[in-house]
Amino acid sequence: MKKVLIAFVLTLLSSASAFAAGQAHTNVGCGLGTMIFQNKADNSIILQAFQATTNGTSGSQTFGITSGTSECQQPSKIAQNEKLNQFVRANMDNLAKEIAMGKGETLDTFVEMLGVKGAEGDAFKAKLQANFSSIFTSDKIVMAEVIDNAVAVNNN
């Protein structure tokens with residue numbers, strides 16, 4: 001009886017693993033954890049939990065979605081903002097200086113490209129200035145992180 005029960009449990013687990021393998025990317029999304037664990041032969045619920053935890057704790061999903069890396073697909077709305085990406089990449093130093101000052105042409109253009117208009121733009125610039133250290137978290141920060149952090153400041 002024990003052998004039958006063990007065989008049943010093993011069959012159930014292997015079926016669950018096969019189902020999980022096909023569903024893993026759908027279940028855990030994209031990010032560093034997905035990249036690390038996705039090609040493991042045993043794509044079980046435990047591996048999906050590791051994938052999801054790593055994706056969530058590494059902060060790589062936001063960057064991946066914005067940049068279209070880490071097995072993430074760039075949303076069409078962000079893809080349309082390629083000009084914003086290029087602008088920030090080309091003007092990173094000036095943007096940092098002007099966010100710190102709370103004014104400047106580069107900052108005005110950045111705010112406009114983010115779609116913040118009118119009086120909201122001035123309030124947004126003040127928010128960016130007040131949260132400078134949250135936007136430029138290190139001297140090695142990349143363009144996508146700056147945009148993500150600025151949007152996060154605006155949403156808070």
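A nonpolar core is a set of buried Ala, Val, Leu, Ile, Met, Phe, Trp, Tyr and Cys residues joined through side-chain atoms within 4.5 Å. In this predicted model, the largest such core holds 22 residues, of which V88, F110, L128, F136 and V146 touch the most other members. Helices α6, α7, α8 (105-113), α9 (119-130) and α11 each contribute at least two residues to this core, and α11 gives the most, with six. As general background, nonpolar side chains in soluble globular proteins tend to be buried together.

Sorted by class, the contact of α6 with α11 comprises five nonpolar residues, one polar and one charged. Beyond its neighbours within four places in sequence, V88 is in contact with M143, V146 and I147, and also with L95 and F110.

The mean pLDDT is 78, and 76% of the residues reach 70 or more. Among the elements, helix α7 (residues 92-101) has the highest mean pLDDT, 95, while helix α5 (residues 76-79) has the lowest, 52. Over residues 14-22, pLDDT stays under 50, and the model has six contacts beyond four places in sequence for this segment. Where pLDDT is low, the predicted coordinates should not be read in detail.

Technical notes. Residues are numbered from 1 along each chain as its sequence is written. This is a predicted model: local features need pLDDT of at least 70, side-chain atom pairs count only at pLDDT 80 or more; totals for chains, interfaces and linings use all residues. Side-chain values use heavy atoms; hydrogens and water are left out. pLDDT is the predictor's confidence in each residue, from 0 to 100. Helices (H or I, at least four residues) and strands (E, at least two) are DSSP runs, numbered from the N terminus. Contact means heavy atoms within 4.5 Å. Ala, Val, Leu, Ile, Met, Phe, Trp, Tyr, Cys and Pro count as nonpolar, Asp, Glu, Lys and Arg as charged, and the others, Gly among them, as polar. Buried means under 20% relative accessible area, exposed over 50%, partly exposed in between (1.4 Å probe, protein chains only).
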